[in-house]
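This briefing covers the fold, a pocket, the nonpolar cores and the aromatic pairs of one protein. The sequence and the model come first, and the points follow by topic.

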Amino acid sequence: MSSAVPVLARPTDVAAQPAASLAVPVPRPTIPAGLTRAARATGITLVRLTKPLLAFALLLGAWELAPRLGLVDEVFLPPFSVVVQAFAELAANGQLGEHISASLTRSVTGFSIALVIAVPVGIAIAWYKPVSDFLNPVLELFRNTAALALLPVFVLILGIGETSKIALIGYATFFPILLNTITGVRTVDPLLVKSAVSLGFSPIQLFQKVILPAAIPSIFTGIRMAAAGSILVLIAAEMVGARAGLGYLITAAQQNFQIPQMYAGIVAISLIGLGFNFALVALERRLSRWRTSPTDA
């Protein structure tokens, strides 16, 4: 009677097997390059947002606590929550929307007129010396004359209606855009201009492909300054002879001793200014996508 004897594999047989059949493959996690870059960009954005939000939180917290703790008179500086309530009431009854619409119409109209005129004039002054020699004395005279000092002149010549307010805003916003346009064009790298000329660029192509893209950061700096200035001048203009607008709202609330409504108008102005600045920064980044930043490297 024979018994089955198991056949054992010889060491040489095991060694002869390929190593791949003996080892269990362990998959290595792979992180897409795009995901890594997106995560890094998200982290940078969060860090950039944290500090401003913290500063705003501290400011609003101090505003809320100072009147309640008796550090300032609550009559003249109501808590921030009271101002928010007044803001909500003005928005609910439609008054705030009416005043914001009137102010935005005047501000955007005057700002747009100044932008359309200032950029071409600035390019002409920076690029053509005869134009610069001809216009500089007059521009220097008006540049050093404050816009609010000319408010009575605009009212006397153009009347107390919308024309004088729009013209005053256009005058105040013209010079920041003009001066920064001149600076931006004059500081373009001469090597870029010489390279473009050597490649056979026409004057129009030179402005379109080289001068304007290189001058955009400086031009947008002037545009942002002009946008902030347009709001300030607008409020001052609306305090004289206006029946609608945020400046009129602030003045009327102050005269009627409606202090929360007055601060609500001031908050609305601040929010509009922040919105303008945010939109202009986003537009500048879109137009300057060819410029690389250190975080993109």
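About 300 Å³ of space lies in the second largest pocket. The model is a predicted one. The protein has 12 helices and zero strands, and 33% of its 297 residues are buried.

**Second largest pocket**

- The lining of the second largest pocket consists of Phe56, Leu59, Leu60, Trp63, Phe80, Tyr263, Ile266, Val267, Ser270, Leu271, Gly273 and Leu274.
- By class, the lining of this pocket has 10 nonpolar residues, two polar ones and no charged ones.
- Helices α3 (33-68) and α12 (259-287) each give at least two residues to the lining.
- The largest share of the lining, seven residues, is supplied by α12.

**Isoleucine 266**

- Isoleucine 266, one of the lining residues of the second largest pocket, sits in helix α12.
- Is isoleucine 266 buried, partly exposed or exposed? Its relative accessibility is 35%, so isoleucine 266 counts as partly exposed; the cut-offs are under 20% for buried and over 50% for exposed.
- Leucine 249 is 17 residues away from isoleucine 266 along the chain, and the C-alpha atoms of the two are separated by 9.3 Å.

**Nonpolar cores**

- The largest nonpolar core has 40 residues. Leu168, Phe174, Ile177, Leu178, Ile211 and Ile223 have the most contacts inside this core.
- Two or more residues of this core come from each of α5 (95-127), α7 (151-158), α8 (162-186), α9 (190-198) and α10 (203-238).
- A second, separate core has 18 residues, among them Leu90, Ile231, Met262 and Ile272.
- Leucine 178, listed above for its contacts inside the largest core, touches Ala118, Val121, Gly122, Ile125 and Leu139 when residues up to four places away in sequence are not counted.

**Serine 107**

- Serine 107 is located in helix α5.
- The relative accessible area of serine 107 is 1%, so this residue counts as buried; the limit for that class is under 20%.
- With neighbours within four places in sequence left aside, serine 107 is in contact with Ile169, Ser230, Ile231, Leu234 and Phe276.
- Among these contacts of serine 107 is Ile231, and Ile231 also belongs to the second core.

**Aromatic pairs**

- The structure has six aromatic pairs.
- In one of them, the ring centres of tyrosine 171 and phenylalanine 175 are 5.5 Å apart and the planes stand at 80 degrees, so the pair is edge-to-face. The cut-off for that class is over 60 degrees.
- Why are tyrosine 171 and phenylalanine 175 separated by about one helical turn? Because they are four residues apart in helix α8.
- Tyrosine 171 and phenylalanine 175 are both buried.
- Phe154, Tyr171, Phe174 and Phe175 form a cluster linked by ring pairs.
- Phe174 is in this cluster and is also one of the residues with the most contacts inside the largest core.

**Order of elements and contact range**

- From the N terminus on, the elements run α-α-α-α-α-α-α-α-α-α-α-α.
- Of the contacts with a separation of 6 or more, 73% are between residues 24 or more positions apart.

How values were computed:
Residues numbered from 1 in each chain as written. Predicted model: local features only at pLDDT ≥ 70, side-chain atom pairs only at ≥ 80, totals over all residues. Heavy atoms only, no water. Core = buried A, V, L, I, M, F, W, Y, C linked by side-chain atoms within 4.5 Å. Buried < 20%, exposed > 50% of the residue type's maximum accessible area, 1.4 Å probe, protein only. Contact = heavy atoms within 4.5 Å. 1 Å grid on protein atoms, 1.4 Å probe; cavity = no way out; pocket = protein on both sides within 12 Å on 5 of 7 lines; lining within 4 Å. Points joined across faces, edges and corners; volume = space filled by probe spheres on them. Nonpolar A, V, L, I, M, F, W, Y, C, P; charged D, E, K, R; others polar. Phe/Tyr/Trp six-rings, centres within 6.5 Å; stacked < 30°, edge-to-face > 60°.
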